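Subject: Handing over the structure

Hello,

Here is the structure I promised to pass on. Please open it first, then read my notes below.

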Amino acid sequence: MNYFVADPEWGGWIIAYFYVGGVAAGSYFLALLIDWFGKPEDRPTAGIGYRLAFPLVLLCAAFLIADLGRPERFWHMMLKSEVAKAAWNAGFPWTSEGWALAVQTPILKWWSPMSAGSVMLGLFGACSAVSFASEVFGGVRGFRWLRNHWLHRVLQVVGCFAGFFLAAYTGTLLTATNQPMWSDTNWLSPLFLASAASTGLATIVLIAWWRKVGSPDARHRLERVEPVVLGLELAVFAAFAVSLGPDLRPVWETWSGKILLAGTLAVGVAAPLLFYVAARSRPWAVPVGASCVLLGGFLLRYGAVTTPGELLARGPAAAPAVAADGTPPGWLDGTALQAWFAPEQTRKPGQPGADPDNRSGPTVTPRSKLPRVAPPEETSAP
Amino acid sequence: MAEAKGFYTDTTLCIGCKACQVACHQWNDLPAQGMEIKGRVELPVLSGDSYDNTRSFSDVNWRHVKFIEQFSADRTQAAWLMMSDVCKHCVHAPCLEVCPTGAIIRTEFDTVYIQEPACNGCRDCISACPFGVIHVSETKHIAQKCTFCYDRLQEGLPPACAQACPTKSIQFGPIKDLKKTAAARVEQLHGLGQKQARLYGADDKILGGLNSFYLLMDKPEVYGLPSAPEVPSKRVIPSSVWSILTSILIALGVLFRFRERTNHEPKRPASKGAKA
């Protein structure tokens, strides 16, 4: 971990953006899935997703702009400001020189998650706006035409991909830095993606339950999807924890790290799975389970964003000492986890390794060509 | 393009006078850094950390002289390491790479420069910088760091800090000349028995080379420098591959689970009927 960096002080606005963006992308993707592969009676539940995504994306844009040091310059993310100003001064849009400069204004650095993410947020916003309009104003003639047109389907697929990108790039944005923890794992991005799917689904389930949208059967079909998504999230979470390796312990020792690890695992994944398995028939199981997923998704974003700041404040001295022989300092250590999953790989001479009880002893006699010397017979006393 | 210019900082020559910090403040019109004490912003007070009262880089401290006191356990032996730290103007610059607005540019002198009118204060460069160089101005609300005195360079002048340095600890010049000087100095120190002397950032191992490189007398970590920083984009592809795999799994998982019921329920009575 690099403890010598400065804290970007990404705080509340960014946490809110990551969370709301994930819900928007997840609910749009699920709405599309229900819409295309569900029965006609599932249609109202799909409508929830379409109605949610666009307003939430608008909220995301507002959060992002509010977080900037200079909010009035938000458009610098999309256009090269100095070229845009030169184009304007050259007489855009009335002169050819102005146009020649204007075509060079868009900026996209596809290797930079923040640059690519800004463009994809715009794309997702456009696609979800069309879906939102055709859902809300479905009765108006123009929108009814659009809703059944093949162009709408194309836009939905594009929006779905942009949504996946939106949900995942927020994690890559954190990974593509030099901050402690963020840059020490490649699994924040898949984790945010899985959480986007689970929180998006939980939002639709919760709203469908609250407003009694669609038939009980349609709602039940939707609720059945949740454990699959949560199971995948659990697998990705495990990969995330293992990938942190020896950095897992310093992360756990911060409050934010505890919220990230324990909050996500217990509140966001384990509790709703438990409710699904053990209390499925209870009337409170659905809303309480979905609320847990939503809270867990928030704790994940909160913990992930705030942990490096706390690590930097504590400094490298907070990292636990590893013994000279490489023995990890405690059970909740990445090396301990890695030793658990690959015991031979991490073994050092003298340590037990993969099968500690299966070792040389009186029961083990090697096959040998050498004549066995019989043990000397006890001579009885005369 | 003009020749690549840089700093070579020989920390063995640094006497901790902070003339570089003062020169930087004066040339760039940087105010003294206020410090919040019981809710009121006051001028700097003593930090208690050796002679280091600015503590770190900040929006107004583009140079930072570090004081590292080393004592043996019985305190009979002591070493006092001093180092004037600054933006490294990396050959592979992480900040320039991630900047979404294109505000951070590489100049004709191969230095890295933030265009103030373009920066919108997103702070991605702060996350990316492995040295903690960049900070956001509390008055301008945009990213601030050493400009390598870009204005002076264009007029053929050396940067203010290098000109002010009284011991030639900070040397300015074409990178390839500085590297020769540095190599000769290391050889000289090794010949004098100072085997711990080493260069940091002079070769291309650290971010393709640092245009501000250092001669250190201990491990980089002792000076608060990371030993193996990387460019952020290195992690974009593995992160993306895992995400794509996860998204495929989620899409398939949801689809199968959702389709399971929709297909089976109407079919079940139909298949029974066919058998009967």
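Asp217(A) is partly exposed, with a relative accessible area of 28%. Its salt-bridge partner is Arg221(A), with N and O 3.2 Å apart. Arg221(A) is buried, at 1% relative accessibility. Both residues sit in helix H9 (residues 216-244) of chain A. They are 4 residues apart, about one turn of the helix. The pair also belongs to a network of salt bridges, together with Glu41(A) and Asp42(A).

Please keep in mind that this is a predicted model.

The structure holds 18 salt bridges over all chains. Two in chain B deserve a look.

Arg185(B) forms one with Asp10(B), and the closest N and O atoms are 2.9 Å apart. This pair links distant parts of the chain. Arg185(B) lies in helix H6 (residues 175-191) of chain B, and Asp10(B) lies in strand E1 (residues 5-10) of chain B.

Lys234(B) is exposed, at 51% relative accessibility. Glu230(B) is partly exposed, at 31%.

Where the chains meet

The size of an interface is often given as the accessible area lost when the parts come together. Here chain B and chain A bury about 5,000 Å² between them. Carbon and sulfur atoms account for 59% of that.

Between chain B and chain A the count is 1 salt bridge. Its side chains belong to Arg123(B) and Asp67(A), with N to O at 2.9 Å. Across the interface of chain B and chain A there are also 29 residue pairs in polar contact, both at pLDDT 80 or more.

Chain A overall

Chain A has 13 helices and 0 strands. Buried residues make up 48% of its 382 residues. Take the contacts in chain A between residues at least 6 apart in sequence: 74% of them join residues at least 24 apart.

Cysteines

The count comes to 0 disulfides over all chains. Cys60(A) is buried, with a relative accessible area of 0%.

Cys125(B) is another case. Its sulfur is 6.2 Å from the closest cysteine sulfur, in Cys122(B), again too far for a bond. Cys125(B) is buried too, at 7% relative accessible area.

A buried histidine

Is His89(B) buried or exposed? His89(B) counts as buried, at 0% relative accessibility. It is placed in the loop between strand E5 (78-85) and H2 of chain B. The side chain of His89(B) reaches the backbone nitrogen of Val112(B) at 3.0 Å. Not counting residues up to four places away in sequence, His89(B) touches several others, among them Asp110(B), Lys145(B), Phe148(B) and Asn211(B).

Backbone points to check

The peptide bond from Phe92(A) to Pro93(A) is cis, with omega near 5°. Pro93(A) is in the loop between helix H3 (81-89) and helix H4 (96-102) of chain A.

Glu9(A) has a phi of about 55°. It sits in the segment before helix H1 (12-37) of chain A, and it is exposed, at 61% relative accessibility. Leu207(B) has a phi of about 50°. Its place is the loop between strand E11 (198-200) and strand E12 (212-216) of chain B. Leu207(B) is buried, with a relative accessible area of 5%.

Best wishes

Technical notes
Residues are numbered from 1 along each chain as its sequence is written. Chains are lettered from A and ligands numbered from 1 in the order in which they are written. This is a predicted model: local features need pLDDT of at least 70, side-chain atom pairs count only at pLDDT 80 or more; totals for chains, interfaces and linings use all residues. Side-chain values use heavy atoms; hydrogens and water are left out. Buried area is the accessible area (1.4 Å probe) that two parts lose on being put together, summed over both. A salt bridge is a side-chain nitrogen of Lys or Arg within 4 Å of a carboxyl oxygen of Asp or Glu. A polar contact is a pair of N or O atoms within 3.5 Å; within protein, one must be able to donate a hydrogen and the other to accept it, and residues adjacent in sequence count only if both atoms are side-chain atoms. A disulfide is a pair of cysteine sulfur atoms within 2.5 Å. Buried means under 20% relative accessible area, exposed over 50%, partly exposed in between (1.4 Å probe, protein chains only). Helices (H or I, at least four residues) and strands (E, at least two) are DSSP runs, numbered from the N terminus. Contact means heavy atoms within 4.5 Å.
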